[in-house]
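This report goes through one protein structure step by step. Please keep the sequence and the 3D view open while reading.

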Amino acid sequence: PRPTRSVVAKPTLARVTVTPSPTATPMPAEEELPSGGALLGVEYLWRSPATGEYAVEVYRLQYEKVDQEGDIANISAEVYVPYADTEIDFPLILHAAGTTGIGNGCAPLNERALERNWGRYDQHSLAYASQGYVVVLPNGLGFDDPDRIHPYFVAELEARTLLDAARAVYALAEQPSMEGGPIRPNETVFVMGYSSGGHAAFAVRDWADSYAPELSLQGVIGFGPTTNVATLLREDPVFAPYLVYAYRDFYGPEIIDVADVFAAQWVGTFESDVLTKCVDAIFAYYTRSPRTMYTPTFSEILYGGELDKVPLFASALAANASGLSGGHDVPVLILQGTADTVVTPDSQRAFRDQLCNLGDRVSYFEFTAVAHTDIRWSSFGDVLVWMEQATKGVPL
C-alpha cells in the first residue's frame, strides 16, 4: 500500500539520556556527537570460489566509531567483494547481524572461527557478494573492547556503526594500493538486517540523512525485523535478559531493577549468565514463557499496557523504536514468515501499516509456514529482484 505521503520530523542527531516520563515519550536530545568512520587498517583473509556469478574475496578492516560519550572506539568488520577481472563497480550492502549475544565472546565475526551457529552471517554475506554486491558485516559497538558490552537495541549507535562502516569501505576503495583494484563500491547503498539486525537497518534509515548525508541509501531490507523493543519483550521473553542488562549498562542501573523484572531463579546469576551465554545457548537455558521468565508484577505491567509505571525503562524502549522517524523517501522491503514466533505476523503487519500510513514505499512479502530462522534463505531470490529494481529506479 502506498497512501499519500506525510512529513514526519527527523530525529535530532544527539547524545540521549533517559528522563522520567509518564507517557514513555522518546528521550530528549542533548549535545551533538562527532562523526566516525575513519579507516584504521585492512587485512586480506581469503577468496571463496564462485557459488553465484562471482568468486568473493574477504577482507577484515578496522575503523573508528564514536561512542555515546564522544570517545573513539575501534570496530572490526568483514568486507565481501565480488572478484572481477574487468573494471566494474558494485552496489554496497550494509549487513546488520541479528542477535548473537552481548558479551565480548559473542561478537558476530567470531562465529566462523569458533565454529558456532549464531545465524551464519558470513554465509549470507557471501551469497549476496557472489551475486554482485560489496557486503560489509561489522561487529557491533563493544564487541572489540574487553571493557565494554554491546549496547543491544540502542538505535542511534546501531545506525552510526553501520553508516561508519560504509564510510570505511569507501575510504578503503580510495587507498592508493586499491586504485583499480578489487574493492569498487559504487554510490548505491542498501542496508539489510535480520531480527535485531532489522532494528539496526531501520535505525539507519532514521539517521542516515542527518548523520551521513553523503551516502546514497536506496533501500532498507528487514528479515523478520524487530523494530519495536517493547513488542519483542512481550512476544519472546528469552531475549529480555540481554536487553535489560544492556540498557542498565548503557543508561544506568536506576533505569530498572533486575529483581523487579525477572523471576527469582534468574536473578542470582543474572550478570554472569548474560555475559557468557551467546544466542545459541539461551534457548536451552532461559524460557520463552512470560510466567516463568518475568515476575507477576512486571508481567502485569508489560502485558497490561502499563509501562508508564516504570517510566525510565518505558522512555528508553520508546526512544529506541526504529523505522518511523526519518528516511521516508527510502523504499522498504520487509520479509516475514507466517510461522515466526519471535516477531509475529500480526506485529509485523502493524509495523507495515504504520509505514504505509506515513506514506512510505513498502514492499511486504509473507512466506507461508516459514519460521524466523529460515526467512533469509526463503526470500533470497525476491530480495535480489527487489534490489535490482531499486538500483534501476523501477517503481517499487
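**The chain as a whole**

The structure is a predicted model. Its protein chain has 15 helices and nine strands. Of the 396 residues in the protein chain, 59% are buried. The accessible surface of the chain comes to about 15400 Å², and carbon and sulfur atoms hold 50% of that area. Contacts can also be sorted by distance along the sequence. Among contacts in the protein chain between residues at least 6 apart in sequence, 75% join residues at least 24 apart.

**The sheet**

In what order do the nine strands stand in the open sheet? The order is β1-β2-β3-β5-β4-β6-β7-β8-β9, and the pairing is mixed. β1 (39-48) and β9 (362-367) each have a single partner strand, so one side of each is left without a neighbour in the sheet. On average, neighbouring strands of this sheet are turned by 20° against each other, with direction ignored.

| Strand pair | Direction | Bridges |
|---|---|---|
| β1 and β2 | antiparallel | eight |
| β2 and β3 | antiparallel | twelve |
| β4 and β5 | parallel | three |

Single residues show how these pairs line up. L39 stands opposite Y63 in β2, V58 has Y80 in β3 as its bridge partner, and L94 has V136 in β5 as its bridge partner. The link from β1 to β2 is a hairpin through six residues. The hairpin of β2 and β3 has five residues between the strands, and there G70 takes a positive phi near 85°.

Is β2 mostly covered or mostly open? β2 is mostly covered, with nine of its twelve residues buried. As background, side chains in a regular strand alternate between the two faces of the sheet.

**Helices on the sheet**

Helix α1 (residues 121-129) lies across β1, β2 (55-66), β3 (72-83), β4, β5, β6 (185-194) and β7 (216-223). The direction of α1 is at about 165° to β5. Helix α13 (residues 345-357) also packs on the sheet, where it touches β8 (332-337) and β9. The direction of α13 makes about 165° with that of β9.

**Aromatic rings**

The count of aromatic pairs in the model comes to 22. One of them is formed by W377 and F380, with 6.1 Å from centre to centre and 45° between the planes. Why does this pair count as tilted? Planes under 30 degrees apart count as stacked and those over 60 as edge-to-face, so the 45° of W377 and F380 falls in the remaining class, tilted.

Are W377 and F380 buried, partly exposed or exposed? W377 has 42% relative accessibility, which makes it partly exposed. F380 has 17% and counts as buried, because buried means under 20% relative accessible area.

Ring pairs also build a cluster, which links Y245, Y247, F250, Y251, F262, F270, Y294, F298 and F313.

Two arginines are placed over tyrosine rings. R167 lies over the face of Y211, at 4.6 Å from the ring centre. R376 lies over the face of Y194, at 4.4 Å from the ring centre.

Terms used:
Residues numbered from 1 in each chain as written. Predicted model: local features only at pLDDT ≥ 70, side-chain atom pairs only at ≥ 80, totals over all residues. Heavy atoms only, no water. Phe/Tyr/Trp six-rings, centres within 6.5 Å; stacked < 30°, edge-to-face > 60°. Buried < 20%, exposed > 50% of the residue type's maximum accessible area, 1.4 Å probe, protein only. Lys NZ or Arg CZ within 6 Å of the ring centre and 35° of its normal. Pairing = 2+ DSSP bridges. Helix = DSSP H or I, 4+ residues; strand = E, 2+ residues; numbered from the N terminus. Axes fitted to C-alpha atoms, helices over the stretch in contact; angles between N-to-C directions. Contact = heavy atoms within 4.5 Å. Areas by Shrake-Rupley, 256 points an atom, 1.4 Å probe, with all protein chains shown as cover.
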